[in-house]
Amino acid sequence: MTETTAEGTPAPKPAGFLKQLGRAILLMRESRIGMFGGFLVLFWVFVAVFVPLFPLQDPLAITRNAVNMPMFSVDHNQVFHILGTDDRGRDLLSRLLWGSRLVLFWSCAATFVAYIVGMLLGVMAGYRGGWWDEVISFIGNVLLSFPLLVLYLVILTTFGANSPAGQWLHHAFGIGPVVVAGVMIIVAVMFGTAPQVARIVRGLVLDLKTRDYIAAAEVRGESPIYIMLVELLPNARGPLIVDACLRLGYVAITIALLGFLGLGLPPPDPDWGKMINEARAWGSMGMNAMLWPAFAISTLVLGLNLLADGIREISLRD
Amino acid sequence: MEAKADVPVLECNNVSISYYTRAGEIPAVVDFNLKVMPGEAVGIVGESGCGKSTVALAIMQYMGKNGAIVGGEINFMGRDMRTMSPAELQDIRGSRISMVYQEPMASLNPAMLVKEQLTEVPMFHEGISEAEAYKRAVEILDAVRLPDPDRIMGSYPHQLSGGQQQRVVIAMALLSNPQLLLLDEPTTALDVTVEAGVVELIKDISARFGTSMIYISHNLGLILETCDKIVVMYSGQAVEFGTVKQVFDEMRHPYTRGLFNSIPLPGADRHSRPLVPIPGQLPLPHERPNGCYFGPRCDYFSEGKCHGRLIPMQEVKGVRGHRVRCSRYQEIDWEAAKPKGVEQEPIEFGPPVLEVKDMQKYYEIHDTSLAAMISGKRVRYVKANEKLDFVAREAETLAIVGESGCGKSTFAKVLMGLEESTGGQVLLHGDEIGHMPVRKRQPQLISSLQIVFQNPFETLNPSHSVGSQIARVVKKYGVAKNPSEIRKRVLELLDMVKLPREFINRRPRQLSGGQKQRVGIARAFGGDASVVVADEPVSALDVSVQAAVTGILTELQRQKRTTMIFISHDLSVVRYLADRVVVMYLGHVMEQGTTDEIFSPPYHPYTEALLSAVPIADTSVVKKHIVLTGELPSPMNPPTGCPFQTRCPRKIGTICETEMPPVKELSPGHRILCHLDEATLKAMDPVIALAKDDKSKKAPTRKATSKLAKTASKSAKAPAKASSRKKPATASRASASAKSAAKPAAGKTRRTSRTKA
């Protein structure tokens with residue numbers, strides 16, 4: 001409390017956003033694990049963004065009689081399949097690469113929504129305390145105590161694309177089944193993820209609200225909403241960045257899992273989880289078609305985990 | 001291993017220490033020299049960033065992963081520490097060299113009983129049995145004056161108060177009878193009266209055990225009281241070395257001169273003799289100039305002599321043992337070198353602005369335990385503020401002084417609307433505000449009452465730029481409407497607190513502590529407040545920065561005629577800044593009056609003790625010595641009758657324990673809460689006085705108990721001169737330190753001669 005400080009010489013001007021990003025990337029060099037993870041993630045992001053430019057087969061083109069072909073095979077139409085085909089004769093490589101778009105888009109969307117909701121609830125519970133805290137924490141605890149899969153199953157079977165509620169949405173608003181399915185996935189993930197984020201943010205806010213600048217804001221007569229959004233939330237960034245990376249990975253696995261269970265996006269979209277499920281039924285003949293999507297999911301999630309590790313490692317060092 | 005009289009316990013020869021970080025090598029300490037003889041106490045003084053803690057850690061050979069000694073040598077008892085193996089070093093640490101740190105709570109393991117932590121030391125270093133170690137520990141606890149040692153041994157650290165914890169840490173350091181004791185700001189985290197007790201203890205143990213000490217501090221007054229010699233450090237180098245008298249009275253380095261000019265000594269007056277801060281800023285380690293490091297800030301800098309090469313330490317001509325790192329010290333006229341600040345007329349006060357009438361603030365604690373339900377006492381009260389009654393006028397600075405737990409921060413919170421008072425009235429311009437929380441206050445009222453916080457690091461939001469935070473205040477109170485006007489006003493405010501205009505876009509983390517505090521002040525004055533509460537605004541800042549910030553506050557007050565409520569525990573700063581003072585203890589106002597009335601007799605006994613506890617960095621000042629025993633009582637369980645009666649050295653008798661004392665008005669505006677009658681009060685001697693006798697100013701050196709003969713002859717001379725002035729002090733000390741009667745007689749008389757000088 002009584003640390004003394006010295007007058008420092010003026011620091012250089014604050015750098016622009018790009019410079020800061022560049023500096024952050026250079027910092028990553030300090031952690032080899034983080035670099036490797038970052039490389040994996042960047043690979044999939046690159047693929048997802050630029051896949052329309054790649055010279056690939058149509059991922060939805062069904063070719064009869066070219067079913068479950070192995071790697072490096074040529075089918076009767078003289079088409080070269082680098083990774084082989086799946087059970088409907090669709091080129092695996094192109095399905096894999098196009099599927100990255102779906103996974104990344106829906107994972108990011110779901111994580112983003114869950115974070116917004118979680119942060120708002122967390123900051124309310126942390127700053128206002130009292131009844132707000134009791135109610136939000138209680139609901140969060142109830143949701144967290146559900147086995148996650150059961151929670152998803154319940155939500156998606158009740159509100160999924162094929163359920164009565166989903167059908168109503170489709171007929172009433174003309175929303176296609178894909179979007180409905182996607183929105184329901186987001187909702188499901190939100191229920192499963194937001195309580196955890198809220199808990200983290202609440203812990204951070206409980207500490208932050210003892211700081212003098214919050215007292216200064218209160219003394220100025222600022223409204224609670226201003227204090228929560230402008231003064232508190234921007235300072236809760238730190239631990240949340242690491243958590244976001246990790247959570248993105250969990251959500252990606254979750255979406256793959258839902259696809260595997262048939263609760264995800266409807267066919268024929270190249271959802272990796274669904275691809276694994278479809279290939280599973282073919283036993284040893286579908287081995288090829290099963291392993292490649294699994295490999296894709298693993299590398300993406302591994303990359304995110306390692307990236308999170310690397311960021312945490314660097315932030316702890318000096 | 002007994003210390004031979006001529007072998008220095010510690011010798012640092014041209015030591016250079018560097019840290020290796022991501023940004024490269026940072027030379028923290030450069031060309032540092034030190035020699036500590038057996039039984040000597042050396043003080044290391046400097047501001048933050050000067051490298052004093054680095055030196056202490058280097059002596060312990062505990063540099064961590066990224067620090068290394070890159071030059072010079074450190075010799076302990078004649079042996080070069082580089083030649084010692086890790087096993088030998090482990091043997092030395094804790095038994096031959098011990099260290100006491102700043103934060104006592106951080107130095108003790110919260111999960112271990114005190115008993116385990118104390119017995120660990122001799123058991124590890126000397127291999128004795130646990131029973132034997134326990135006995136030794138109890139003896140040491142008695143030496144550090146902790147009463148009821150068995151209870152302390154059986155407690156956890158969090159069950160002890162800060163002062164008691166620090167004494168336990170000192171006991172741990174002393175258990176193996178070390179030859180060298182390193183103390184790194186051991187009392188900074190403690191209250192003033194507790195600090196006085198610990199300082200007294202340190203002086204005593206070094207005399208009793210013959211331990212050499214290195215005392216690191218930024219407080220020159222403390223060094224004067226405890227040490228024989230002093231090293232002044234600046235930016236990693238030692239710039240002056242000598243005995244305390246040589247450096248304090250005949251300083252030879254411009255930085256030392258600048259330091260002394262920045263300290264509020266008795267005699268400084270903020271209008272006629274203001275403090276002069278040192279211009280410029282401390283250089284970063286990799287930006288140090290080639291030549292004298294202090295050069296850019298020095299008034300006597302000359303290109304030829306002070307630049308171009310490393311300035312060496314040289315002996316001051318004709319004075320033995322006094323060394324200085326300055327190539328021009330002989331050319332400087334030291335008498336004329338006392339720079340004078342700009343003299344100003346004193347400010348004239350206006351009508352009363354803030355009136356506090358019998359304000360009361362109780363916190364309710366609801367006890368939901370079973371025991372409380374059975375006994376029926378479900379609600380307990382923490383009596384944070386009791387019957388506060390004072391007035392502050394326009395353009396006046398009212399200081400509220402007290403230690404922790406006295407209720408000054410609670411009062412600030414009630415004033416600002418963060419809490420509501422439970423009784424009495426707080427009137428601002430005639431409107432009652434004590435019962436109005438911030439939410440209910442009008443913007444006009446809010447803008448006229450602002451606060452500057454204590455901790456500069458937490459006072460600004462790290463995510464927003466400096467300019468935007470000041471602009472928020474300006475916008476909110478409608479002082480300026482459109483963006484360009486707001487920006488102009490923000491720039492004006494930055495000019496007012498003497499910060500460069502480009503700071504408007506900087507983030508708080510790019511600013512130093514002093515600069516952040518100035519932004520806090522700009523923010524508080526941005527809404528044209530009529531009352532500004534300053535909650536310990538300078539206690540977390542360096543000495544030279546304090547001078548600058550207090551100067552800014554005075555200037556702003558003069559321009560805007562703001563009333564300042566200055567909350568502090570530092571009486572030196574209070575005496576410098578305040579016009580009226582209110583002394584609080586455990587929620588009560590013990591004494592109030594103008595600064596002159598408070599700092600001269602008659603005093604309240606608590607004020608008397610507070611004044612004698614404040615270290616003053618002036619060798620010509622003689623201070624009475626009053627050490628309070630006991631701990632601060634808890635506000636939940638205040639003592640019956642007078643709250644101060646458990647520690648009061650002038651307690652009359654049972655009336656103090658049963659009846660609340662009356663408020664006595666000794667002169668208009670000067671009020672004391674005490675049972676003592678007016679005659680006794682008016683007959684009090686001043687606590688601080690200038691010494692009349694020149695001979696008595698010699699600071700005696702501390703000697704080990706084996707040299708009793710010399711000290712006996714010294715003390716034989718002293719009582720003759722001391723008796724006339726010492727009587728009231730001895731009487732009060734005798735009653736206060738009844739428990740320490742078992743001290744060796746030599747120690748007591750030696751202390752008499754020491755404090756007299």
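Author: B:K361 is buried, with a relative accessible area of 6%. The model is a predicted one. Buried stands for under 20% relative accessible area, which is why the 6% of B:K361 puts this residue in that class.

The side chain of B:K361 forms a salt bridge with that of B:E419, at 3.6 Å from N to O. B:K361 belongs to strand 13 of chain B, while B:E419 sits in the loop between helix 14 (408–416) and strand 16 (423–428), so the contact ties together parts 58 residues apart in sequence. As background, side chains of opposite charge can pair when their charged atoms come close.

Next, other salt bridges. Over all chains, the whole structure holds 38 of them. One of these joins A:E231 and A:R220 at 3.2 Å, N to O. This pair links distant parts of the chain, with A:E231 in helix 9 (residues 224–232) of chain A and A:R220 in helix 8 (residues 212–220) of chain A, eleven residues apart. Both A:E231 and A:R220 are buried. Another salt bridge brings together the side chains of B:R325 and B:D31, 3.1 Å from N to O. B:R325 lies in the loop between strand 12 (323–324) and strand 13 (352–366) of chain B, and B:D31 lies in strand 2 (residues 24–36) of chain B, 294 residues apart. Both of these residues, B:R325 and B:D31, are buried.

Now to a strand of chain B. How many of the six residues of strand 20 are buried? Six of the six residues of strand 20 (residues 563–568) are buried, so the strand is largely enclosed by the rest of the structure. The cover is on both faces: B:T563, B:I565 and B:I567 are buried on one side, and B:M564, B:F566 and B:S568 on the other.

Strand 20 of chain B has neighbours in the sheet pairing. Strand 15 (residues 397–401) of chain B runs parallel to strand 20 and is joined to it by five bridges; here B:T397 stands opposite B:M564. Strand 19 (residues 531–535) of chain B also pairs with strand 20 in the parallel sense, over five bridges, and B:V531 has B:T563 as its bridge partner. From strand 19 the chain passes through helix 19 (residues 543–560) of chain B to reach strand 20, a β-α-β crossover that is right-handed.

Two backbone details in chain B complete the tour. As a general rule, most residues other than glycine have a negative phi, and most peptide bonds are trans. B:A395 is not a glycine, yet its phi is positive, about 65°. This residue, B:A395, lies in the loop between strand 14 (379–393) and strand 15 of chain B, and B:A395 is buried, at 0% relative accessible area. The other detail is a cis peptide bond between B:P601 and B:P602, with omega about 0°. B:P602 is found in the loop between helix 21 (595–599) and helix 22 (605–613) of chain B.

Notes. Residues are numbered from 1 along each chain as its sequence is written. Chains are lettered from A and ligands numbered from 1 in the order in which they are written. This is a predicted model: local features need pLDDT of at least 70, side-chain atom pairs count only at pLDDT 80 or more; totals for chains, interfaces and linings use all residues. Side-chain values use heavy atoms; hydrogens and water are left out. Buried means under 20% relative accessible area, exposed over 50%, partly exposed in between (1.4 Å probe, protein chains only). Helices (H or I, at least four residues) and strands (E, at least two) are DSSP runs, numbered from the N terminus. Two strands pair if DSSP finds at least two bridges between them. A crossover is right-handed if, with the strands pointing away from the viewer, the path from the first strand over the helix to the second runs clockwise. A salt bridge is a side-chain nitrogen of Lys or Arg within 4 Å of a carboxyl oxygen of Asp or Glu.
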